Amino acid sequence: MYQFDRKEYEKRMEWYQDARFGMFIHWGLYSIPARGEWVRSIEEIPEEEYLPFMKEFDARDYNPKQWAKEAKAAGMKYVVLTAKHHDGFCLFDSKYTDYKVTNTPAGRDLIKEYVEALREEGLKVGIYFTLLDWHHPDYPHYGDRIHPMRNHKECGNENRDFSRYTEYLYNQVEEICTNYGQIDIIWFDFSYDDMRGEKWGATKLINMVRSLQPQVIIDNRLEASGEGRGSLYECDPTPYHGDFVSPEQIIPPEGICDKEGNPMVWEACFTMNNNWGYCANDHYYKPASMLIKKLVECVSKGGNMILNVGPDARGKFPKESSAILAEIGRWMDKNHDSIYGCVPAENIPKPDYGRITRNGNKYYVHIYENTLGPLPLLGFDKDKIVKVRALDDGHEVPISNAWMHSDYPDIAFVDLGPDPVLPDPVDYVLEV
Ligand code: JFZ
């Protein structure tokens, strides 16, 4: 019988919940056709047309130190890179396949350099590992497509032996857990239909992972998909329960609580444009100001945010992504106290001008609206407010007591001063 140890679990999750902000990186052969990481499936590219991308994969601009620097400067605390995505191509030197980076012009193990670069910057090391594998001869194909989410009937699977596939999965995950020192996060992706849990040999897999990497944090997609929640949510944790829920491209409107109403650990993953893998023609990037607000929203609802970059065929971050990261970093530089270690301000309602995060008895009032005049701190006990400070430069913000507030004797107002423009029009933060 599996015994879930909540104390140990909470301890394991501590750094991760304090971190709040991470970087996702999707990079692989699909970065060459540059139409997203699902291109092989969606366009039904036959193996003989896809494999030759290996001959071009030279990683000539691959500079994981630069990646790590940009992540850190943006205020991110951890990075998760696709060691293997659904196309099955490995960025690491696996001895169980030839379909790997050491057989490309890049000619070396890129995961090794990646983990070293992150550690040098003091970032936590995350590895994304796909459960699907469109390349492996024993992975079932569906209809004439390899897209598992479409309702095509299975075809050509007569000679496929799925247990050989799970053995391969197990062996490769063992390599990841053995050859690269401490791994802080493993991000498995993903379950669908009845392909979940023990179908992947999950108990055996996770027991191995946890014995090799006792402190590792694992997402919930061995038993759930983007929208599912897993057994921790059901309050009936399996041996392979995920450590966090992984909502995709959506912030759970009210955070996530388990069935019994206890807050859960979750991480919303977001793309900057509309693709995870590099997409040369996708220029629909979300502005940094929007992404900052998404991060604040996640924190105010008790979650993390992991923001994706899809490096190009040569390993360089798209210039749009780098610019966004730098801009987020400028805000984080001044305002990170309102993010790291912060949690929802449970008893204070969301103000109409922004959001509130909390760290201990400090409240961070995020002001989005460029509003002049007395700003009400609704929900705060007026007599318990000790001081209000602007987070960017620490200056005192007076609690205003102008005559016109006498109609509202119980409400504390702050006075932002006479400037009609907020010092930070994106998110100006007060510490209360
Ligand atoms: C998965 C991947 O397919 C995708 O390429 C990317 O890596 C993302 C982070 O994760 O996306 C999913 C997974 C599950 C569902 C949808 C997208 N789902 O169950 O609907």
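**Entry 1: helix α9**

I began at G302, which follows α9 and has a positive phi, near 90°. Helices here are DSSP runs of H or I with at least four residues, strands are runs of E with at least two, and both are numbered from the N terminus. I noted that residues are numbered from 1 along each chain as its sequence is written. I also noted that this is a predicted model, where local features need pLDDT of at least 70, side-chain atom pairs count only at pLDDT 80 or more, and totals for chains, interfaces and linings use all residues.

I checked the length of α9, residues 288-300. The expected span is 1.5 Å times one less than the number of residues. For 13 residues that should be 18 Å, and the end C-alpha atoms are 18 Å apart, which agrees.

Next I looked up burial in α9. A residue is buried if 20 or more other C-beta atoms lie within 10 Å of its own, exposed if 12 or fewer, and partly exposed in between, with C-beta atoms placed from the backbone. The buried residues of α9 are A288, L291, I292, L295, V296, C298, V299 and S300.

**Entry 2: helix α6**

I moved to α6, residues 110-120, where L110, I111, Y114, V115, A117 and L118 are buried. Seen down the axis, these buried residues fall within an arc of 160°, so they line one face of α6. The arc is that of the directions from the helix axis to the C-beta atoms. An α-helix has 3.6 residues a turn, so residues three or four places apart point the same way.

I then asked what covers the buried residues of α6. The cover includes α5 (64-73), β2 (78-84) and β3 (124-130). Just after α6, G122 takes a positive phi of about 75°.

**Entry 3: a sheet**

I found an open sheet of 3 strands in the order β11-β14-β13, with antiparallel pairing. β11 (374-376) and β13 (399-400) stand at the edges with a single partner strand each, so one side of each has no neighbour in the sheet. Two strands pair if DSSP finds at least two bridges between them. Between β11 and β14 (residues 413-415) there are 3 bridges, and L375 has V414 in β14 as its bridge partner.

**Entry 4: the chain**

I counted 10 helices and 15 strands in the protein chain. Its C-alpha atoms fill a box of roughly 80 × 50 × 40 Å along the principal axes. Buried residues make up 46% of the 432 residues.

Methods
Contact = placed C-beta atoms within 7 Å.
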